Amino acid sequence: MDIDVEQIMQEIRDELKAKNDWADLPPFESVPIRGCSGGKTTPDSPRGEFAQEVEAMNRSWELRYVWPLSPNPVRRVSQRVIKRLLKFLLLQVMWQQNEFNAHTVRAMNHTKSSIDDLAEQVAVPKWTAAEIYDQSAGNRLRVELLEDQIAGLVQEVSTLQKKIAELESGQQEAEKNHANSD
């Protein structure tokens with residue numbers, strides 16, 4: 001049994017034209033598609049945008065086959081016919097798409113949690129690196145003070161060595177003079 005969807009749709013259009021209800025129906029392109037609302041906060045970084053997109057995926061992963069019917073009896077009949085045709089033609093595809101969407105959302109949730117875990121792990125070494133830098137700056141000041149003190153001590157030692165050398169030479173001369181005078 002072959003089903004000609006175009007023929008059925010044309011019959012519905014003709015019936016609606018005959019009853020002048022066709023003019024009230026909006027064109028297909030003007031029917032709004034339910035969009036995803038934004039997240040709670042404005043993204044500050046690519047990671048924030050990623051988190052918002054994952055939240056939107058979690059809210060809208062399932063395709064729904066239900067929509068409200070018109071209160072007008074003629075429209076209601078036509079909507080029911082269209083709905084049954086779509087159910088016959090698209091329900092299996094919708095199930096497969098929902099299954100794919102569910103797997104994709106689970107994978108993205110896992111990816112997001114992995115990214116969050118890695119961000120936490122990276123944040124700790126950054127904090128430690130900043131702490132180490134602060135400590136090393138303090139240590140550099142201590143090293144500079146010690147170097148200045150050592151340089152001062154080296155100058156004092158060299159001055160003392162000169163004085164010792166002078167005293168030794170003076171003592172040797174005094175011993176020579178004392179030996180010569182005997």
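Biologist: What makes Asp-116 and Lys-112 a salt bridge?

Modeller: The closest N and O atoms of Asp-116 and Lys-112 are 3.2 Å apart. A salt bridge is a side-chain nitrogen of Lys or Arg within 4 Å of a carboxyl oxygen of Asp or Glu. The value of 3.2 Å is within 4 Å, so this pair counts. Side chains of opposite charge can pair when their charged atoms come close.

Biologist: What sort of model is this?

Modeller: This is a predicted model, in which local features need pLDDT of at least 70, side-chain atom pairs count only at pLDDT 80 or more, and totals for chains, interfaces and linings use all residues.

Biologist: How many salt bridges does the whole structure hold?

Modeller: A search of the whole structure finds one. Asp-116 and Lys-112 both sit in helix H3. They are four residues apart, about one turn of the helix.

Biologist: Why is Asp-116 called partly exposed?

Modeller: Its relative accessibility is 23%. Buried means under 20% relative accessible area, exposed means over 50%, and partly exposed lies in between (1.4 Å probe, protein chains only).

Biologist: Is Asn-98 buried or exposed?

Modeller: Asn-98 has a relative accessible area of 10%. That is under 20%, so Asn-98 is buried. Asn-98 lies in helix H3, which covers residues 73-181. Ala-102 is also in helix H3. At 11%, Ala-102 is buried as well, because 11% is under 20%.

Biologist: What does Asn-98 touch?

Modeller: Trp-61, Glu-62 and Leu-63 are in contact with Asn-98 (heavy atoms within 4.5 Å), leaving aside residues up to four places away in sequence.

Biologist: Which residues form the positive patch?

Modeller: They are Arg-76, Arg-80, Arg-84 and Lys-87. Arg-76 belongs to helix H3. At 31%, Arg-76 is over 30%, so its area is enough.

Biologist: Which residues make the nonpolar patch?

Modeller: Ile-3, Phe-88, Leu-89, Leu-90 and Val-93 make a patch of about 470 Å². Leu-89 lies in helix H3. Its relative accessible area is 41%, which is over 30%, so Leu-89 passes on area.

Biologist: How many helices and strands does the chain have?

Modeller: There are three helices and zero strands. The order from the N terminus is α-α-α. These are DSSP runs numbered from the N terminus: helices (H or I) have at least four residues, strands (E) at least two.

Biologist: How much of the chain counts as buried?

Modeller: Of its 182 residues, 11% do. The chain exposes about 15300 Å², and carbon and sulfur atoms supply 58% of that.

Definitions and conventions
Residues numbered from 1 in each chain as written. Heavy atoms only, no water. Patch = residues over 30% accessible without salt bridge, like charges linked within 9 Å, V, L, I, M, F, W, Y side chains within 5 Å. Areas by Shrake-Rupley, 256 points an atom, 1.4 Å probe, with all protein chains shown as cover. Lys, Arg positive; Asp, Glu negative; His and termini not counted. Charge placed at Lys NZ, Arg CZ, Asp CG, Glu CD.
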